Number of protein chains: 2
Amino acid sequence: MSVIPNKKNAKTIKLKEVTSKIKEEFMSVNTAVKSIDIRNLKDYVNQEVVLKGWVSNRRSGKDLEFVVMRDGSGFCQAVVAAQNVSASQFESISKAGLETSLIITGTVIEDQRQIGGYEIQVSNVEIVAYAQEYPIAKKEHGVDFLMDKRHLWLRSKKQWATMQIRNTIIFSMHTFFQEHGFVQMDAPIFTGNACEGTTDLFETDFYGDPAYLSQSGQLYGEAMAMAMGKIYTFGPTFRAEKSKTRRHLSEFWMIEPEMAYYDNDMNMDLIEDFLRYLVGQVLEKNKAELEILERDTSKMEQVVNPFPRITYTEAVRILRGEQEVNGKTSIEVLETEMAELKQMISDNEAEISEKEEIIAKGGIKKGKMNFYKNKVETLKSENKAHAEVLGNIPQWLDSARNFSEGEDFGGSDETVLTKLFNAPVMVYNWPTPIKAFYMKEVDGDPNFVKGVDVLAPEGYGEIIGGAERETDIDVLKRKIVEHELPMEAFEWYLDLRRYGSVPHAGFGIGLERFVSWMTGIKHVRESIPFPRMYGRLLP
Amino acid sequence: MSVIPNKKNAKTIKLKEVTSKIKEEFMSVNTAVKSIDIRNLKDYVNQEVVLKGWVSNRRSGKDLEFVVMRDGSGFCQAVVAAQNVSASQFESISKAGLETSLIITGTVIEDQRQIGGYEIQVSNVEIVAYAQEYPIAKKEHGVDFLMDKRHLWLRSKKQWATMQIRNTIIFSMHTFFQEHGFVQMDAPIFTGNACEGTTDLFETDFYGDPAYLSQSGQLYGEAMAMAMGKIYTFGPTFRAEKSKTRRHLSEFWMIEPEMAYYDNDMNMDLIEDFLRYLVGQVLEKNKAELEILERDTSKMEQVVNPFPRITYTEAVRILRGEQEVNGKTSIEVLETEMAELKQMISDNEAEISEKEEIIAKGGIKKGKMNFYKNKVETLKSENKAHAEVLGNIPQWLDSARNFSEGEDFGGSDETVLTKLFNAPVMVYNWPTPIKAFYMKEVDGDPNFVKGVDVLAPEGYGEIIGGAERETDIDVLKRKIVEHELPMEAFEWYLDLRRYGSVPHAGFGIGLERFVSWMTGIKHVRESIPFPRMYGRLLP
């Protein structure tokens, strides 16, 4: 048995030749055999069903074809035995390359060894359309190649799993807010004022006037909260950043709740409930997808713990190693991690030597040989990852020890802080100069504002930024002047303080960063169907 | 008793003076009295509750203040009796103008005569912040003025009701698709190719390359359906149209489901289920809001009836009066409507004369006099509306009788067609030349394509456009050439036919048009929080 790649010389059957044949099959509602989605196989055990999808993989045995079929809702193995279908059908499936579209009829058999736990014993196969040789093979492709083929890459198992999780997250966000009495309101994309400078903004010509693509709906969110009490926006935002980083996209989706009569403590309560709900939904609904992504979910599961809430000032002391968390300083934690990594690397190296000796000696069965070879590969790749982290820690230690109070935290500082806790960390009360003009000053201490950043573990860093908003119109006006912003552009915003100002707060969460954390992917570009960033506008 | 407007000389209490006082009140979770939303009053009858909101209206009686309070979740009347609160509290409320923010404590009393069916007997009042004189009064304002004050106008009852219905629609759309196994996928906003010319497109500079803001996610939707089976997009789309019409926005939201292994009949089944579900949800969840909007829901309720499905060719015959519907031609229906309108106008005129005579004669009580005067106003305004429709019908008749086969339907043609049926009308199989290149040709008749337009009643016209997509790569290539489109820009799209092409279909629904229909508003600009159109970019 071997994986059979698409044959260049396989005849491509024109779709119009086959669509007429399959029409009744896929249309008929009254057909005796029910057409179902793969994800619902569990409800049809030992029943005959119709599945419509594509060949995700195929291998041949003697008088047998094993097709891994995908239909967008899931994956399953379909076994076509020559004795169960016509000769022409068996021939048609034995020519089917990757991504050939097909409709099968068969009986659902429970089989825990198979993908998803079920297998189809096929009684009928109809090829809908043979595919040309599929450009995405099992072998490793470069990311640029895969991004050029994004319209096809989305069919791959890991991309599919990522998009399923993204969907769970989106709908869970809506469900959470709707169940908590929030009203979804859309902030405008086109904004007439470049409130905070035009450097990062995308500009367009709006009937002769310049208009800018929104970077945040927050100011509008405040107006809408004054009308509806509790609102959330859910829309794309744009940032023209001429750099390629693993955390930035030019076009990304933001969710920004805003609540009247909320202070920052209530804001943090809400954030905690919200994140706990979202992570819980992903863990519950996407077990199969998380497995496909080989996601270690242990850190995600920590969201059941209370989220630590520390002030910026405490965070600085903790980062510098001046304050302990659970009896340990950040410096001790990092040094322990270094020692552990060194030990793991040396243990792995010993095992690699041992296994390589056995391989070199030879005289063992092929299966056993392959097992050892794979084991060596795995250990080497583990050590590569360990070495990378180990190489970073001295810089992290340096950055942490010498952190300058008043600055914003860097990526490594965020990573270090989250290592000390067993849940996402909320850092609140930030230095006024590094936060936006609209954040409310801490009572009696204008050097700090009531902002909150939420840091995700595992190096995913800031995933939420929020704040209680300034309600005093005089303070706002002073800060607009201090930030050198155009007062006139904010007159409508100041109106919110002129007509029934109330304490209010809100936060923003970037969808793609959150999807990246949940799926464990390293680069945010895989968290959105068609990413847009510096150097990437197509397809 | 009289409506008391805001007093220019009313002292505006600074928010910071009062926030400290109210802090414990609005923050405390452990307070003995529960802080609730107005929409939940029904669960707290005869209990003491705290409400946090704004003054929507206020009138004074002897030692009584009647405050209509709003909190974003609803409206209710709060009665402050001098004997039940301190003297200073009574004074503070008797100075409160529109939009003053306040927190009250009181007992919930069931009273069917009041807004929402409940009234609060207030035991404590805290003013959070007095409002400056509120610019939006009870009197009629011009739409431009109101649009300039959109950030405040959203607080008005009808705008609030519209946004609540919009929210119901959005969440119902998500719920419907999620329950039917669809995956939400976001199409990109930035597109690198101006596939169908640049005239209606907004352009921006994407790191040195031109990029265009999406007008539809459909082509991407097809790619995503091939990966996920059934998907829907939910995002903003953009159209640079230098004209002010009541049906167009420059920035509007589109929902575009796309389904693999669907033909146009299945597409129409889905559309029918979808619309029936959405309208049902609005009728069920937004009774109060529909009442505020004075919405006659009789036509909406017709969605329980099967949606007629007629071909374009039948629609043309029906429109021209060449084919009857339920025993009547379009011409007869319009002529009957004209006769009925004339009769109603003349009946009203008779009643107006009669009432005006009584008024002129005098000698009746003031209450009765006002009743007659109001009646006359109502009848005159009814007649104005009747006369407007009556004035339009001759043009409609003319347009219908002389409709040129092969053209697209105009707004009045759509209105006439829907008048003949008792549910939204689906028109399918359209002339090839007036539809997009990607629609699938009707089997054996390339003059028609498998498109479908759904026409809403009451003059709201086309609210959905959909189609089965062409699967034959050769036909697609020919049509791309015929439409003079750049082949290269469509290579990725053609890939979807090269690698496992399957029958597929989908549709698009414009959120704002649908919200307009449900709410009965005449101009689409009120269906979105912050509309963007020719001449409107602020606030």
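1. Chain B and chain A bury about 9000 Å² between them, and carbon and sulfur atoms give 64% of that area. Buried area is the accessible area (1.4 Å probe) that two parts lose on being put together, summed over both. In chain B, B:Tyr207, B:Tyr261 and B:Tyr499 lose the most area to chain A, together 10% of what that side buries.

2. A word on the basis. This is a predicted model, where local features need pLDDT of at least 70 and side-chain atom pairs count only at pLDDT 80 or more, while totals for chains, interfaces and linings use all residues. Residues are numbered from 1 along each chain as its sequence is written, chains are lettered from A and ligands numbered from 1 in the order in which they are written, and side-chain values use heavy atoms, with hydrogens and water left out.

3. Now the contacts. 117 residues of chain B touch 117 residues of chain A (contact means heavy atoms within 4.5 Å). Four salt bridges cross this interface. A salt bridge is a side-chain nitrogen of Lys or Arg within 4 Å of a carboxyl oxygen of Asp or Glu. A:Lys230 forms one with B:Asp37, with the closest N and O atoms 4.0 Å apart. Helix α5 (residues 157-179) of chain B gives the largest share of the side that touches chain A, ten residues. Helices (H or I, at least four residues) and strands (E, at least two) are DSSP runs, numbered from the N terminus.

4. Look next at strand β12 (residues 251-260) of chain B. Ten of its ten residues are buried, so the strand is largely enclosed by the rest of the structure. Buried means under 20% relative accessible area, exposed over 50%, partly exposed in between (1.4 Å probe, protein chains only). B:Trp253 and B:Ile255 are among those that point one way, and B:Phe252 and B:Met254 among those that point the other.

5. Which strands pair with β12(B)? Strand β11 (residues 230-238) of chain B runs antiparallel to β12(B), joined by nine bridges. There, B:Ile231 has B:Glu258 as its bridge partner. Strand β18 (residues 504-510) of chain B is also antiparallel to β12(B), with five bridges. B:Met259 stands opposite B:Ala505. Two strands pair if DSSP finds at least two bridges between them.

6. Over all chains there are 66 salt bridges. A:Asp443 and A:Lys450 form one, their closest N and O atoms 3.5 Å apart. A:Lys450, at 10%, counts as buried. Salt bridges that share partners also join A:Asp269, A:Glu272, A:Arg276 and A:Arg309 into one network.
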